[in-house]
Amino acid sequence: MPGTSRRPLPREARVTVVAVCAAGALCAAPAAASATAWGTVAVLAVLYALCEPGVVPVGRHPPSAVGPFVPVLLAGALILPPSAAALVAVPGSLAGRPLPWVRRCWRAGHLAVAVWTAALAARLLGGPAALRAADLPYALLPAAVAALVFSLVSTALTGAVLVTAERCPPATAWGDPLPAALGPHLTYGLVGLTTGLLWLRGYGAFAAVLVPLPMYVACWVFARARRVRAAHDATVRALVQAVDLKDPYTRGHSERVGRASALIAAELGMDDDRVDTLRLAGILHDIGKLGVPTRVLRKSGPLDPEERRLIQLHPEYGHEMTRGVAFLEEARAAILHHHERLDGSGYPHGLAGAEIPEPARVVAVADAFDAMTSTRSYRPARPVASALAELQRCSGTHFDPPMVAALTRALTRQPDVTAPPDAPAAPGGPWPATAPTPSALPSAPGPAPEPAAGRPAPTAAPASHRVPRQAAAPTSVGEGVLLAVWAVGA
Amino acid sequence: MRKAGTAAGWALAVGVGGFVVWGVGWAAYAGVREPGAACAFGGVVLLGELLRVPPGTDREGAPLATAGGLGYALLGPTAAGVAQAVAVVAVATGAAGLMARAAGPRAGHGRHGRHARKAGPPRVEAAARRVLLVAFAAVCCQPLGGGDVLTGTAGAPRAAFLVAVLGATALWDAVLAAAVGAAVGAAGGGRPFAPGLRDGVRGLAGIGSAVCAGGVVMALAVRSAGLWAVPLVALPLLLTQASLRGHAAVRATYRQTVGALARATEVAGYTPPGHARRVSELAVAVGRELGLPARQLTLLEYAALMHDIGQLSLVDPVPGGATEPLDGERRQTIAALGGEVVRRTGAPSEVALIVERQAHPFREQPLAGRIVRAVNAYEDLTAEAAAPAGRLAAVERLRLATGYEYDPRVVEALTRVLARQSTRTWLDAGGEGKEVG
């Protein structure tokens, strides 16, 4: 979204907005001259405005995150002449949500242009006539074409403003949103078609209200699901922070191990799902330390055998805690076995070689690497090269050689990924105070929490150069519906 | 709980079963009218039922199927009629049930719900309710077995009539559901009639309205444009159902993760094993007894699961994890820490408020907070005592403190819930045990 509220728009962006608004006005102008069905325009415009978030309070949480409610616009495009159809979106966009005026005008202008083009395409294919005659298999064609045209024009214009105002690379501005927008817009086309069909059969406002209603409810439910998902990600982070709370000297360790595990997994050529699983396994690998008495965890001197035994219980505690959490099912093996060694001398089960699950072998290397390169109470951090040499030395006895090799390769390519952490934060800080803001959340389970507090986010974190499949938070109804389809199909 | 619910569901199903037999028999005897429409709408019901939202949420599980059935009933006697509408919907729902059962437990659907509860065969009770719903709508279109009240109507009046019919149908469904809930409640585990009805009517505003609108539009569009309109209207409804599915899956995942967070205190040795789960189950039962609406019950459940989370901030565990014997100030400190943590978990702010105020006297607490307070106290007091005598003593101690600490209404509701549970436990096990519910 163009961030017009914070800094002045670049000149190119202002030119784009003014040009699009002028084009929108030109599209709508003929409506004033010709005999227009103002009643139809008014009903649709009111309906569109009502669907704008913030106008009607829907329940406790209006679907504020959803984009323009397109089905009503497409219904207008199918039954009205292009100039009149272009007007449908204008009042709602100008009056709807509390946005700066530039953005309201922009919304009104680009929607007017998009609707006008869609209506023109539908008209060229004989849309209104087909609807009037209820010529059904054929009427699908103008409806689908109108939806596609709308989607193309609106993506193109939005992309243009992203490129000029936000300096987005063109591929991100135009290439990414388009495929995601096509499917939902085709569905909106169908809703618009049904609305138009019933409207022309004399059902009038009933059609305009009843037909889009299920779609609107779907968006509303989807918005709620997104909030729950965000809450879920925050809860996972709360689990991680609970460990930091108990053991402040390892603050940020979980996040870094998660990042390093994902790095190794990606280097080994695992698919995106597996990489996400490993990131999660790395982040949560020490979750069982919650079960270890805080005094033992915080002890700075050498541990006696009883204390050592207590600490060595943490993989099993972690395994127990995550029982029954479906999306962690695959990560649990790594949580349980990340202290096993290749020669069978590790704990808790003394597994050897290939008996150790692969995720656990990855996390073990990542864990050891981060432990060596970060400062602890009893010793300073080692340089990366020395830590890697130590890993090489133990590779084959403690660590799985392919994992060590993968980490080495990945680090020689991007040496700053696992830069040593800052000095450990003062112990005893209240847990909640360390929580990162919940705004930078990925939007699905398989969460990859953002870099922890107490350490600057490395610029080349593996999460940032490969956008995870679900990481881009959907910003419009369109993507929302797509995700919903995916939920059914998967 | 489950046993009683199933029994009431079966009783309903047997009643409806006779009705269905009549419908199918009559339709077979009189001959099927407009077989094309029957197949198309039957297909919609079948598809919607196969993609049912997994149970566990208290809302309509298959909007597409219900809307399809209602749309078919609204076609009126010339196309459907009461008997045929009932027959088509019942046969399609039954077929979906058989297909789901034949397919067996599926490998999973989607990343969120991979191991969540399976969609399974449609529940008998939900199917029975749908048949009654469709029959009601069909009867409205053909009152007193007479002719088609829709003949001659067109345009807005026809639409208005159909909307009115479905409005009445939806209200009838809410009353029916509340009545079934109350019948189950009498046996234990359900909820009183009035709050059930309130929840039902509130539910109509959301997904219920989408179902009714879908039904009306399907009927109108088929009359206007033929059977092509069926898939045209069904697709958006399918998306509505898909969004519900997605929401249900995310909620299930969230619940599991909150459960893991709640178990953290247990693994850490701050609270006895199973404490959070027991408190949340008992608290929800008490909340239901007090007639809390569905949303409040969910908040109550989360708050009860996470109520002890503040103890994680302690360097040394409280003995036995029981906060109730501690002095008030210490308890309020732990509660405040817990509230802070809950705020960070992204749970609704009401949950944080409940956790934060859990150690306050009841007059300063929201109702859900009073429930958590009393139930937690009861759990702490009975942690050692397995015998009913210990439980009686615990309830007695709560009663003695109802002047200031605990809400008398909540304690009374807790007593009723416990009395019912102990009777059932006694009957089921032939003896006593601490594990109830």
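## Chain B at a glance

Of the 437 residues in chain B, 56% are buried. This is a predicted model. Chain B holds 15 helices and zero strands.

## One helix of chain B

Helix α13 of chain B covers residues 367–382, which makes 16 residues. From first C-alpha to last, α13(B) reaches 23 Å.

Is α13(B) mostly covered or mostly open? Mostly covered: 14 of its 16 residues are buried.

## Aromatic pairs

Over all chains, a search of the whole structure finds six aromatic pairs. One of them joins Phe41(B) and Tyr72(B). Their ring centres are 5.3 Å apart, and their planes stand at 35 degrees. Why is this pair called tilted? Planes under 30 degrees apart count as stacked and those over 60 as edge-to-face, so the rest are tilted. The angle of 35 degrees falls in that remaining range, so the pair of Phe41(B) and Tyr72(B) is tilted. The pair links distant parts of the chain. Phe41(B) lies in helix α2 (residues 35–50), Tyr72(B) lies in helix α3 (residues 63–73), and 31 residues separate them. Phe41(B) has 1% relative accessibility, so it counts as buried. Tyr72(B) has 0%, so it counts as buried too.

Another pair is formed by Phe136(B) and Trp172(B). Here the centres are 5.3 Å apart and the planes are at 15 degrees, so the pair is stacked. This pair also links distant parts of the chain. Phe136(B) belongs to helix α5 (residues 124–140) and Trp172(B) to helix α6 (residues 155–187), 36 residues apart.

## Charges over rings in chain A

Chain A shows another kind of ring contact. The charged end of Arg104(A) sits over the ring of Trp101(A), 4.7 Å from the ring centre. Arg224(A) and Trp220(A) repeat the arrangement: the charged end of Arg224(A) sits over the ring of Trp220(A), at 5.1 Å from its centre.

## Salt bridges

How many salt bridges does a search of the whole structure find over all chains? It finds 27. One of them joins the side chains of Lys289(A) and Asp286(A), with 3.4 Å from N to O. Both Lys289(A) and Asp286(A) are buried.

Arg309(A) and Glu306(A) form another salt bridge, at 3.2 Å from N to O. They are three residues apart in helix α16 (residues 305–312) of chain A, so about one helical turn separates them. In general, an α-helix has 3.6 residues a turn, so residues three or four places apart point the same way. Arg309(A) is partly exposed at 45% relative accessibility. Glu306(A) is partly exposed at 43%.

Glu390(A) and Arg393(A) also meet in a salt bridge, at 2.8 Å from N to O. Both lie in helix α20 of chain A, three residues apart, about one turn of the helix. Arg393(A) has 60% relative accessibility, so it counts as exposed. Elsewhere, a network of salt bridges links Glu267(A), Arg409(A) and Arg413(A).

## A loop residue in chain A

Where is Ala381(A)? It lies in the loop between α19 (358–373) and α20 (384–394) of chain A. Ala381(A) is partly exposed, with a relative accessible area of 30%.

Which residues does Ala381(A) touch, leaving out those up to four places away in sequence? They are Met372(A), Thr373(A), Ser374(A) and Thr375(A). Ala381(A) and Asp370(A) are eleven residues apart in sequence, and their C-alpha atoms are 9.4 Å apart in space.

## Where the chains meet

In the interface, 68 residues of chain B are in contact with 73 residues of chain A. The area buried between the two chains is about 6,000 Å². Carbon and sulfur atoms give 73% of that area.

How many salt bridges cross the interface of chain B and chain A? The rule finds zero.

Methods:
Residues are numbered from 1 along each chain as its sequence is written. Chains are lettered from A and ligands numbered from 1 in the order in which they are written. This is a predicted model: local features need pLDDT of at least 70, side-chain atom pairs count only at pLDDT 80 or more; totals for chains, interfaces and linings use all residues. Side-chain values use heavy atoms; hydrogens and water are left out. Helices (H or I, at least four residues) and strands (E, at least two) are DSSP runs, numbered from the N terminus. The expected span of a helix is 1.5 Å times one less than its number of residues. Buried means under 20% relative accessible area, exposed over 50%, partly exposed in between (1.4 Å probe, protein chains only). Rings of Phe, Tyr and Trp (its six-membered ring) pair if their centres lie within 6.5 Å; planes under 30 degrees apart count as stacked, over 60 as edge-to-face and the rest as tilted. A charge sits over a ring if NZ of Lys or CZ of Arg is within 6 Å of the ring centre and within 35 degrees of the ring normal. Contact means heavy atoms within 4.5 Å. Buried area is the accessible area (1.4 Å probe) that two parts lose on being put together, summed over both. A salt bridge is a side-chain nitrogen of Lys or Arg within 4 Å of a carboxyl oxygen of Asp or Glu.
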